[in-house]
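Trainee: I would like to go through the labels attached to this model one at a time, and to ask what each of them rests on.

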Amino acid sequence: MSAGTQFLTDSSGEKVAVVLPLQEYDALMEDLQDLAVIAERRDESRISLEEVKRRLKADGLLSD
């Protein structure tokens, strides 16, 4: 956590919440979204790198 991170405590001094800089929060949310996509696709069939290249070339997105 960055130097801008702050913790909120209760009357006993126990940490109960955290305040993050917005940029750090956004990065964490992006990571969380990436992990969710990975979990959703875990059972999908896989294709080889060569097949990916072939498809990208066929779609005109990769040059020879």
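Trainee: Where does Ile-47 lie?

Mentor: Bearing in mind that this is a predicted model, Ile-47 is placed in the loop between H1 and helix H2, the latter spanning 49-58.

Trainee: Why is Ile-47 called partly exposed?

Mentor: Its relative accessibility is 41%, and since buried means under 20% and exposed means over 50%, with partly exposed in between, Ile-47 counts as partly exposed.

Trainee: Which residues form the nonpolar patch on the surface?

Mentor: The patch is formed by Ile-47, Leu-49, Val-52, Leu-56, Leu-61 and Leu-62, which together have about 520 Å² of accessible area.

Trainee: What makes the pair Glu-50 and Lys-53 a salt bridge?

Mentor: The rule asks for a side-chain nitrogen of Lys or Arg within 4 Å of a carboxyl oxygen of Asp or Glu, and the side chains of Glu-50 and Lys-53 meet at 3.9 Å, N to O, so the pair falls within the cut-off. Because they are 3 residues apart in helix H2, about one helical turn separates Glu-50 from Lys-53.

Trainee: How do you know whether Glu-50 and Lys-53 are exposed or partly exposed?

Mentor: Glu-50 has a relative accessible area of 55% and is therefore exposed, the limit being over 50%, whereas Lys-53, at 32% relative accessibility, counts as partly exposed.

Trainee: Which residue forms a salt bridge with Arg-54, and what is the N to O distance?

Mentor: The partner is Glu-51, and the distance is 2.6 Å, N to O; both residues lie in helix H2, 3 residues apart, about one turn of the helix. Glu-51 also forms a salt bridge with Arg-55, where the closest N and O atoms are 2.9 Å apart, and these two residues are 4 residues apart in helix H2. By the 4 Å rule, the count comes to 3 salt bridges.

Trainee: What makes the patch that includes Asp-34 negative?

Mentor: It is formed by Asp-26, Glu-30, Asp-31 and Asp-34, and because Asp and Glu count as negative, the patch is called negative. Asp-34 is found in helix H1, residues 22-40, and at 41% relative accessibility Asp-34 counts as partly exposed.

Technical notes. Residues numbered from 1 in each chain as written. Predicted model: local features only at pLDDT ≥ 70, side-chain atom pairs only at ≥ 80, totals over all residues. Heavy atoms only, no water. Patch = residues over 30% accessible without salt bridge, like charges linked within 9 Å, V, L, I, M, F, W, Y side chains within 5 Å. Areas by Shrake-Rupley, 256 points an atom, 1.4 Å probe, with all protein chains shown as cover. Charge placed at Lys NZ, Arg CZ, Asp CG, Glu CD. Buried < 20%, exposed > 50% of the residue type's maximum accessible area, 1.4 Å probe, protein only.
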